[in-house]
Amino acid sequence: MKYTFTDRHNGPHADQAEEMLKAIGAETIDELVRQTVPEDILLDGDLPLAKAVDESDYTASLREIAAKNKCFKSMIGMGFYRTSTPAVIARNIFENPSWYTSYTPYQAEISQGRLEALMIFQTMISSLTGFSLANCSMLDDATAAAEAMRMMFNLRSKEAVAAKKNLLFVDKNIFPNVLSVLKTRAGALGIDIEVGDYSTAILKERCFGAMVQYPAANGEIRDYAPFCQKAHERGILVTAYCDLMALAIFKEPAAWGADIAVGTSQRFGLPMGFGGPTAGFMATKDEYKRFLPGRIIGASVDRLGNRAYRLALQTREQHIKRERATSNICTASALMAIMTGMFAVWHGPAGIRSIAHSCTAFAHRVAAALEKNGYRLACRDYFDTLEVLAPNVESIRARALENGFNFFYPDSNTIRISFDELSREEDIQSIGEIFQIKIPRIELDTTSPMLRQSEILTSPVFNTYHSETEMMRFIKKLERKDISLTHSMIPLGSCTMKLNAAVEMMPLGWHEFADVHPYAPKDQVAGTMQIIKDLEHDLAVITGFNACSLQPNSGAAGEYAGLMTIRNYFRATGQTNRNIMIIPTSAHGTNPASAAMAGFDIEAVSCDENGNIMVDELAEKAAAAGANLAGMMITYPSTHGVFEVQIRRIMDIIHEQGGMVYMDGANMNAQVGLTSPGHIGADICHLNLHKTFAMPHGGGGPGVGPICCTSTLAPYLPGHPVVEECGGKGMTSVSASPYGSPLLLLITHAYIKLLGPDGLRRVSQMAILNANYISKKLQPEFSTLYTGATGRVAHECIIDLRHFKAEYGVDATDVAKRLMDFGFHAPTLSFPVHETLMVEPTESEPVAELDRFVEALMCIKAECEAIKAGTLDAKDNPLTMAPHAAIEIAGDNWSHPYGREQAAYPLEWIKDNKFWPASARVENGLGDRNLIATL
């Protein structure tokens, strides 16, 4: 028998699936599906997609596609630069499933490695920007700028709010993609943008913030100190959009008066990848920490008093604050942030400065030769980018292409050339040939009044690991502290931690895909564009829609982009009054946060005791909104883990009032091939490619959140100011890159082509089977809180622990922490219902792993019963003390009334493959009260 990719991807084998079906009382998998999914929404036939191909054939065809790309030397710049990913980082992090298959580090005790790695990133950003506080990454530079705009808006004084100060000044010398994203965000938040020249600007009375670029888009290094002083005198905050590499040698933004710094760390070892993924950054003053969006890593201590790291402050902000959250950011770009932090560790301060000096030295040599030969430059003080005013642009462009070079051409009389880490002497001589000038090999004076006076990267971590042996072992030391899919199942509900197959991941390192610039000429990127067009088509088919945008670079970004598409449609059709968005109370916290960002007023609709939307209440609220109803956000299957039988009635209620239905695709893993948002009746949806479509979570990103929609909404999808053929004509952007994170699209492309329509359907079936199997096996010790009309769950189940505190004196957190001693990451804790565990096993987990997880929970339940019976102490027991770190188990002092073996090896099979939590339980309050966000 030859195993197919589908066989390898799914955990249970065919004979095991039959036994599982018997265990849950279903005759066949089709019967289980009919018991789970309402019959009136099931698809009639297969998805009209190409049949599955095997791994070797797919890889061969992908090689042919890759060969269509032409990797010219990119000197386009504009926020995307050539760089070299150190092999020690590529091999040990980027290509290492122990790093890329871990989840966002909400469970600190089994996440200490990547928490420390993200702390390194924060420390790097803090050092280079000069600010005391940085978060642990943003999605990209443009969205970071947009978040900074909103942060300044939120920081307005009561007097400024009362005065309705809503004007943001933006210096005109800023990248067009950054400005485009600013415009998208501003319009929905009621912010006006004025673009002008910072040097002559008269800051108006209603101005609350300003944004400048450093160095400017044309390469100029400017002293913004007088501008900042003028702004501060008027109560205006200033954000600096920065080039991180430039900050290695030029004055840090905190030193010249900025209040916030944003940008991208792409130059620190991340391939361009046709635009992504990257890692944005944001840094600010400590006094603004409660307004800083995204996630922050902070230091605390564990139960034993040892230093430990954790997510600080806004850990679950969207779930708590919902529409009042500072942002809709759920996770950002952890894996890429970790890589860039390690780039700084590897090179150290001297190495980073050397790269920066090399960039600017090459720029100065070329500039001097150009000026000597009659070319004019836009500015006199610059870092790595030259803006050349030339009468013969087209002939220069032709010679550049002939020599394998790409420059950027802002208009018919201007050329921009950006030097980078990979610029070499032969490149300089080739540029001379392109411009038909001689460029002498001489050193020039590159001094500037804006040179940095302070040291960079002074922390020991940046001054220690400079041999490969040291670096390899440091990375491995951190890796060993974290649970990932290489260790065990990660049963996080609504997170879909499925297999990320090696064949899907391998092409990410191919230079044909990794080394292309998003603004490269069309004929150089035919291969990548084929992947993009294939995926746009396939995702539209899978969702039952007509169009797709791949631009959103996270699930939350997809939510926002989908809602903005609806908003754009209503504005274009003269229905600006439609501003009410109905959202169920069970929705993921990012839903109301995204709706608020998109400028909608939110109306909540309740759920009944069975977890279903109260349809009568929905009808009343929709009717009351009437002509003001914009639509409804709904997750399907619901966040409660069931397929609601009245879903089509819900669609009709919204459509009868002229509203649009946005379907959150977080739970799409139970839909693919069985039903679809379009077939059900939705108008638009987003997908989490990092959930349903096999992209890894990367320890907290990057992700991809494309949106699919009807032909009615297609013209209003996100556009791009540089790549005009991307998205809706005339529409502004939601992300920096035209197609989001194209390098990651290779993973989903492979996933769909290798599974084919039959495999995709089988995945959904097995996801439903595994969830129902766990739900059944846990009975009667644990009850499932919500089930569908026939007693089935969808692809996840919510385990009810609400009575545990009263009955056993322990809570859901104690159970979650105790699972770590068994080698498991906890399920989703206390969401969407407090004191519950939401379990999603995915289709990829084998029966043996499901049984181990069930046995672990049964063992924990027995310990709870022992507490109740008095045979385990009510205060000092294996649950309340969990998890147990090796340092405590092996220590001379053991004061607990239970034994070490029960603490560390409660079941026999744990001895064969023990995962040791890196710390004892981490103290949360201390870390928030005393925020320490750098090493």
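Me: What are the ground rules here?
Reply: The model is predicted: local features need pLDDT of at least 70, side-chain atom pairs count only at pLDDT 80 or more, and totals for chains, interfaces and linings use all residues. Residues are numbered from 1 along each chain as its sequence is written, and side-chain values use heavy atoms, with hydrogens and water left out.

Me: How is a pair of aromatic rings described?
Reply: By the distance of the centres and the angle of the planes. Rings of Phe, Tyr and Trp (its six-membered ring) pair if their centres lie within 6.5 Å; planes under 30 degrees apart are stacked, over 60 edge-to-face, the rest tilted. The count is 29 aromatic pairs. Phe268 and Phe343 have ring centres 5.4 Å apart and planes at 55 degrees, so this pair is tilted.

Me: Are Phe268 and Phe343 buried or exposed?
Reply: Buried means under 20% relative accessible area, exposed over 50%, partly exposed in between (1.4 Å probe, protein chains only). Phe268 and Phe343 are both buried.

Me: Why is the pair of Phe693 and Tyr751 classed as it is?
Reply: The planes stand at 85 degrees, with centres 6.1 Å apart, so the pair is edge-to-face. Phe693 is buried at 0% relative accessibility, and Tyr751 is buried at 1%.

Me: Which residues do ring pairs link into a cluster?
Reply: Phe169, Tyr198, Tyr214, Tyr224, Phe227 and Trp256.
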